[in-house]
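Here is a short tour of one protein structure. Keep the sequence and the 3D view at hand as you read.

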Amino acid sequence: VANMSRAYRVNLNMLASVALFTGAFLVFSTQALSVIRRRAQFALLRVLGLTKRQLLRQILLEGVALGSVGSLLGLASGYAVAVLAIRFLGGDLGSNFFPGVKPDIHFDIAAAMVFFMIGLGVTLLGSMTPTWEAVRTKPAAALKSGSEEAAMTPLSKPWLALGCLFLALLFTQMPPVFDLPIFGYLSIALLLIGGIALMPRFAAWVFSFLLGAMQRFITGVIPTLVLSRLANAPNQASIALGGVLASFSLMVAMAIMVTSFRVSVDGWLTHILPADLYVKAASSGNQGGFQPDEQQAIAALPGFARVDFFRSLQLKLSPDRPEITVLARPINQQDPSQTLPLTDDRIAPDLLSSDTKPIWVSEAMVDLYGYTVGKRVMLPIGASTHEFMIAGVWRDYGRQFGAIQMQLTDYQSLSGDLSINMVGLWMQADTATEKANTLLQQLPFSNALEISRSSDIRAVSLELFDRSFAITYLLEIIAVVIGLLGVATSFSAQTLARAKEFGMLRHIGVTRRQIFTLLAAEGSFLTALGVMLGFALGWGISLILVFIVNPQSFHWTMQLHLPWQWLIFIAGIMLVSAAVTALIAGRQAVSGNVIRAVREDW
């Protein structure tokens with residue numbers, strides 16, 4: 001059980017770490033904007049005699065105070081959320097793997113200290129990075145209006161971003177470590193860092209291109225002001241853009257991954273459950289399965305168009321790994337894909353010799369045992385071992401430790417075991433489910449039967465999937481909320497820092513309504529760019545999750561599916577929220593006296 005849950009627990013921890021990274025970036029951007037807004041004040045203190053060390057000590061103490069209070073509040077909030085999650089969802093987070101078990105909350109002091117230091121460290125980093133630039137700049141230059149843009153210039157250098165993107169690409173080619181996708185998660189983190197670090201240059205390029213392309217079409221002053229500022233002050237704009245980018249890209253990645261997995265599981269269930277009814281030996285009934293005379297009684301029942309018999313058993317191949325599952329069943333020899341959910345890794349049936357006994361292995365067998373297509377392997381079937389050829393690989397989302405399928409006739413001839421423990425029944429067109437159940441219950445051994453409809457098995461399986469991934473749906477909602485909070489804090493801080501700019505615009509004749517329009521347009525343009533880039537970055541992260549993290553964690557692959565409606569809906573919410581947030585923040589910036597807005601305090 002510990003081995004089965006390890007990959008699940010590691011993936012949840014990694015997703016939580018990614019969410020923590022997003023929150024940390026927003027803390028950094030908010031604190032950086034706050035310090036940038038006070039850049040001129042720091043320069044004045046330098047002029048009045050405050051040394052660099054004294055100024056750095058002041059900002060350091062401010063960061064320690066803010067980071068300590070915020071981190072302590074975050075720990076308390078996280079503990080409260082954990083208590084609620086355990087109370088309402090249980091220890092398995094709603095998946096119902098352990099019904100009736102009520103775990104207690106365990107507060108890990110070491111983990112809490114790590115989270116506290118992360119919150120404190122990010123706050124200090126957000127404070128010290130622009131402050132260090134401010135104290136190194138000559139006070140006369142820092143006192144000039146509009147010098148705030150220079151504070152973030154060191155962060156716009158592309159070399160760090162390009163290096164992170166190169167390492168991210170390199171890590172995607174690395175193998176798992178102890179069967180865990182450590183390098184896959186590192187590549188996701190580096191991809192996020194590199195994408196965010198490239199935002200200043202990319203924003204400047206995009207908005208400069210738009211300004212140049214639209215000059216002949218722009219007739220109003222507000223569109224010109226919007227594009228001119230975004231093109232010529234990209235560093236501050238990128239801080240707001242980075243918050244949208246981080247949260248939206250992670251939401252896109254998780255949404256694509258979960259949707260791809262669910263659609264793949266749905267199609268897999270449809271493929272592996274073709275019959276209408278499935279009958280198996282009940283755990284409290286006939287432990288040996290159905291014997292030949294019982295099989296004949298089932299096959300002789302009227303109302304059924306087709307009857308397939310299955311034999312499943314556990315097989316130990318390695319002393320240090322769990323048992324694998326062997327499934328013996330009728331398989332379409334001419335076209336095995338009609339029976340099995342095969343991948344593209346297979347051998348054409350006409351290339352198999354008549355004396356070759358083929359088997360088809362799950363993807364986990366390839367990763368864990370090196371069972372590649374065309375390889376001949378020895379398996380202990382019956383009293384001795386026998387040689388088989390691997391004819392193909394199939395997807396199996398139900399068995400993490402490996403499974404093998406073979407022809408039922410091959411299994412019975414080699415083992416001498418003629419019993420079966422599952423039956424697939426296809427009903428005739430005029431046979432209702434109730435009638436089929438009645439016919440089965442009339443069998444003399446009906447007390448040993450467990451009867452299930454394939455539609456019920458599929459519905460229960462998808463319900464289990466949704467419960468298991470409920471936590472990821474919750475993380476998607478949290479990512480959206482974090483993104484909206486990032487938009488709100490970034491635009492509020494930037495609007496307050498631009499109070500003088502708005503005051504000067506009011507002096508030269510720009511009305512309050514035009515300033516509100518300007519703010520709404522800036523918020524919409526920035527968020528639109530953040531959403532587009534976030535979609536591209538999230539799509540790249542989803543490729544890592546789907547094709548690297550999941551195969552290395554659970555040893556299965558899936559097909560890529562994009563939830564367009566959900567993504568468009570969330571993008572629309574973020575666009576509208578950004579425009580509204582910019583307007584609300586702008587009301588405070590332009591509500592004061594026009595003279596006071598441009599007055600210096602010294």
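Start at Arg306, which is partly exposed, with a relative accessible area of 42%. This is a predicted model. The side chain of Arg306 meets that of Asp308 in a salt bridge, 2.8 Å from N to O. Asp308 is buried, with a relative accessible area of 8%.

**Salt bridges**

Side chains of opposite charge can pair when their charged atoms come close. How many salt bridges does a search of the whole structure find? The search finds 8. The table lists three of them, including the pair just described.

| Salt bridge | N to O distance |
|---|---|
| Arg306 and Asp308 | 2.8 Å |
| Glu387 and Arg376 | 3.5 Å |
| Glu450 and Lys280 | 3.8 Å |

Take Glu450 and Lys280, whose closest N and O atoms are 3.8 Å apart. Glu450 lies in strand E10 (residues 449-453) and Lys280 in strand E1 (residues 277-281), so the pair ties together parts that are 170 residues apart in sequence. Glu450 is partly exposed at 32% relative accessibility. Lys280 is partly exposed too, at 37%.

Now take Glu387 and Arg376, a salt bridge with 3.5 Å from N to O. This pair links strand E7 (residues 384-394), which holds Glu387, to strand E6 (residues 376-381), which holds Arg376. The two residues are 11 apart. Glu387 counts as partly exposed at 45% relative accessibility, and Arg376 counts as partly exposed at 43%.

**Aromatic rings**

A pair of aromatic rings is described by the distance of the centres and the angle of the planes. The structure holds 15 aromatic pairs. One of them joins Tyr79 and Phe107 edge-to-face, with 5.6 Å between centres and 75 degrees between the planes. Tyr79 sits in helix H3, while Phe107 sits in the loop between H3 and H4, 28 residues away. Tyr79 is partly exposed at 38% relative accessibility. Phe107 is partly exposed at 41%.

The pair of Phe202 and Trp205 is tilted, because the ring centres are 6.0 Å apart and the planes stand at 45 degrees. Both residues belong to helix H9 (residues 199-214). They are 3 residues apart, about one turn of the helix. An α-helix has 3.6 residues a turn, so residues three or four places apart point the same way. Is Trp205 buried or exposed? Trp205 is exposed, with a relative accessible area of 57%. Phe202 is partly exposed, at 33%.

Rings also group into a cluster. Ring pairs link Phe261, Trp268, Tyr397, Phe465, Phe554 and Trp556.

**A nonpolar patch on the surface**

Tyr79 and Phe107 return here. Together with Val83, Ile105, Ile109 and Met113, they form a nonpolar patch on the surface. The patch has about 530 Å² of accessible area. Helix H3 (52-89) and helix H4 (109-136) are the elements that give two or more residues to the patch. Ile109 has its place in helix H4. Ile109 is exposed, with a relative accessible area of 55%.

Does the span of H3 agree or disagree with its 38 residues? At 1.5 Å a residue, H3 should span 56 Å, and its end C-alpha atoms are 52 Å apart, so the two agree. H3 also has a buried set: Leu55, Leu56, Ile59, Gly63, Gly67, Ser68 and Ser71. After H3 comes Gly90, whose phi is positive, near 85 degrees.

Finish with Ile36, which is in helix H1 (residues 2-37). Ile36 counts as buried at 3% relative accessibility. In sequence, Ile36 and Thr129 are 93 residues apart. In space, their C-alpha atoms are 9.8 Å apart.

Conventions: Residues numbered from 1 in each chain as written. Predicted model: local features only at pLDDT ≥ 70, side-chain atom pairs only at ≥ 80, totals over all residues. Heavy atoms only, no water. Patch = residues over 30% accessible without salt bridge, like charges linked within 9 Å, V, L, I, M, F, W, Y side chains within 5 Å. Areas by Shrake-Rupley, 256 points an atom, 1.4 Å probe, with all protein chains shown as cover. Salt bridge = Lys/Arg side-chain N within 4 Å of Asp/Glu carboxyl O. Helix = DSSP H or I, 4+ residues; strand = E, 2+ residues; numbered from the N terminus. Buried < 20%, exposed > 50% of the residue type's maximum accessible area, 1.4 Å probe, protein only. Phe/Tyr/Trp six-rings, centres within 6.5 Å; stacked < 30°, edge-to-face > 60°. Expected span 1.5 Å × (residues − 1).
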